[in-house]
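Subject: The structure we talked about

Hi,

Here is the structure I promised to pass on. Have a look at it first, then read my notes below.

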Amino acid sequence: MSYGAMLLAMTSEYVEKAPMHDVEDYSGRKMVSISAEPSAAGILAREATGARLEAMNFDVVELADAERPPSGLIRLTAGADRRIAHTALAATARATHSFGLIWIDSIAALMPEEIEGIDLPEASVLARMLGLDHKPGALQPQLSPENIVIVGLRHADPAEARVLADSRVSAFTMTDIDATGMGEVMREAIHIASSGTQGFHVAYAPEVTEFAGWAAGSGGLTVRETHQAMEAVALSGGLLSMSVSGFTADLEPRIATDAVSFVMSAFGKRIL
């Protein structure tokens, strides 16, 4: 993240300036830190993300030492494309000795890198995390393929499907969800991501969800199924961090509004 993006995130109106030096002083608090790229920061501010989390009894804080986060802190990161997930997961890897990943997305992002001149193609983000491209940026040993699960998969190039089959990463396609239901899929996904770990990261891309009149999400999860997935995350108590991609300046406001509502569900928002 550039300095300008960091500055915008740090000075956004929804961030409480609460320096943290002594982890013990903050035990027992529900805390979340928010970081965002410029376009995403505007969306989070417009949707009053910080205020809504505070209404759910979270302290929205800025970390004085990002390498030594206080116990119990959940990181929320938002950006324009799936590369933001790599940024967010790298931060989680630095703070956690073992964690899982629930990748809620229409694609697996396991494509072999074939695009010249691009350091990290969006379609290869998960491949980079797993070290499949043999480039810097792998997140082992903290993140193991056995603890990664993809939920909502509906597009896979043949080359990507071969990588997925050999990777030990679990995947639930839309066909699986239609057959067994989101509740059962999420129970299994949380079990996979939690086994032998301290918790898990959730990476969400809006394209996995079908919104009326939006071609990018056609054939995906329903809005209710997406909320159900996030509610299961909240009930599990295992969420360490979360990233949301697709928050660009041209994202339709109604879709951004629903995406932020999904975030609220993952953090524990309830009807009653």
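A quick definition to start: a residue is buried under 20% relative accessible area, exposed over 50%, and partly exposed in between (1.4 Å probe, protein chains only). By that rule, arginine 254 is partly exposed at 37%.

Some housekeeping. This is a predicted model, where local features need pLDDT of at least 70 and side-chain atom pairs count only at pLDDT 80 or more, while totals for chains, interfaces and linings use all residues. Residues are numbered from 1 along each chain as its sequence is written, and side-chain values use heavy atoms, with hydrogens and water left out.

**The sheet**

Helices (H or I, at least four residues) and strands (E, at least two) are DSSP runs, numbered from the N terminus. Two strands pair if DSSP finds at least two bridges between them. With that in hand, you'll find an open sheet of 8 strands, paired in parallel, in the order β2-β1-β3-β8-β7-β4-β5-β6. β2 (59–60) and β6 (170–173) stand at the edges with a single partner strand each, so one side of each has no neighbour in the sheet.

**Two helices side by side**

α9 and α10 (residues 253–266) pack with their axes 7 Å apart, at an angle of about 30°. That makes α9 roughly parallel to α10, because angles under 35 degrees count as roughly parallel, over 145 as roughly antiparallel, 65 to 115 as roughly perpendicular and the rest as oblique. The axes are lines fitted to C-alpha atoms, for helices over the stretch in contact, and angles run from 0 to 180 degrees between N-to-C directions. Contact means heavy atoms within 4.5 Å. On the α9 side the contacts include Met230 and Val233, and on the α10 side they include Phe262 and Ser265.

**Salt bridges**

A salt bridge is a side-chain nitrogen of Lys or Arg within 4 Å of a carboxyl oxygen of Asp or Glu. The count comes to 10. In one of them, arginine 82 meets glutamate 207, with the closest N and O atoms 3.8 Å apart. This pair links distant parts of the chain, 125 residues apart: arginine 82 is in the loop between β3 (73–78) and α4 (83–95), glutamate 207 in the loop between β7 and α9. Arginine 82 is buried at 8%, whereas glutamate 207 is partly exposed at 22%. Both belong to a salt-bridge network that also includes Asp105 and Glu122.

Cheers
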